[in-house]
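Reader: I would like to go through this model term by term. Please set each value against its definition.

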Amino acid sequence: MRIPQSGTVFVSVNDPDKTKILPAIRKLVELGFAIKATGGTQSFFESKGLPVTVINKVLEGRPHVVDALKNGEINLVFNTTDGAQALADSSSIRRAALTLKVPYYTTMAGAAAAAQAIAPLPAGSLDSPPLQPYSSCFPAARTLHFLTLTHPLPPTPLITPPSPSSRPPSPPPA
């Protein structure tokens, strides 16, 4: 399962989480993601100036969110529940997301982390530079690397613990 760099995010969160998820959704909109949300969540986001398309819950009839998942129209899911009924209602969404390998987050911390992880991806900031330019700072590391390549190290540890006879005596008990 890979975090998408573009596409559509489905959002359905309980009332206490609506304000908490707002920064993550704003960030995803800035990155070019489209947002689909259930009625209450969509109304909240629109009142905050975000472009959001409404999508039906499964119980509200077709076309609904599971249909959109199966059609490949949703690339990321943020869904929190409150209570047993909401948890039962979202089980078909969870099942479809997992079956179709669509990333699915059920906590505000997870949603925020996903949005933060997506932000640097288009910029390519996850590339790491090669270590070779830094080896000039550590000549011993270069030598060790050379020795390791030409003379494999024995299977013994590099640092051997001192033998019991070479340890200093213990202080007398108080």
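**Terms and values**

Author: Of the contacts in the protein chain with a separation of 6 or more, 66% are between residues 24 or more positions apart; contact means heavy atoms within 4.5 Å. This is a predicted model, in which local features need pLDDT of at least 70 and side-chain atom pairs count only at pLDDT 80 or more, while totals for chains, interfaces and linings use all residues. Residues are numbered from 1 along each chain as its sequence is written, and side-chain values use heavy atoms, with hydrogens and water left out.

Reader: What makes up the pattern of the protein chain along the sequence?

Author: The order is β-α-β-α-β-α-β-α-α-β-α-α, with 7 helices and 5 strands in the protein chain. Helices (H or I, at least four residues) and strands (E, at least two) are DSSP runs, numbered from the N terminus.

Reader: How do you know that strand 1 and strand 2 pair?

Author: Two strands pair if DSSP finds at least two bridges between them. Strand 1 (residues 8–12) and strand 2 (residues 34–37) have 4 bridges and run parallel, so they meet the definition. One of the bridge partners is K36 in strand 2, which goes with F10. Strand 2 is also joined in parallel to strand 3 (residues 52–54), by 3 bridges, and I35 stands opposite V52 of strand 3.

Reader: Which units are called right-handed β-α-β?

Author: One consists of strand 1, helix 1 (residues 15–30) and strand 2. Another consists of strand 2, helix 2 (residues 39–47) and strand 3. Right-handed means that, with the strands pointing away from the viewer, the path from the first strand over the helix to the second runs clockwise.

Reader: How many aromatic pairs are there, and why is the pair of F44 and F45 called tilted?

Author: The whole structure has 2 aromatic pairs. The ring centres of F44 and F45 are 5.9 Å apart and the planes are at 55 degrees, so this pair is tilted. Rings of Phe, Tyr and Trp (its six-membered ring) pair if their centres lie within 6.5 Å; planes under 30 degrees apart count as stacked, over 60 as edge-to-face and the rest as tilted.

Reader: What makes the pair of F78 and Y105 edge-to-face?

Author: The planes of F78 and Y105 are 70 degrees apart, with 5.8 Å centre to centre; the angle is over 60, hence edge-to-face. F78 lies in strand 4 (residues 76–79) and Y105 in strand 5 (residues 104–105), 27 residues apart.
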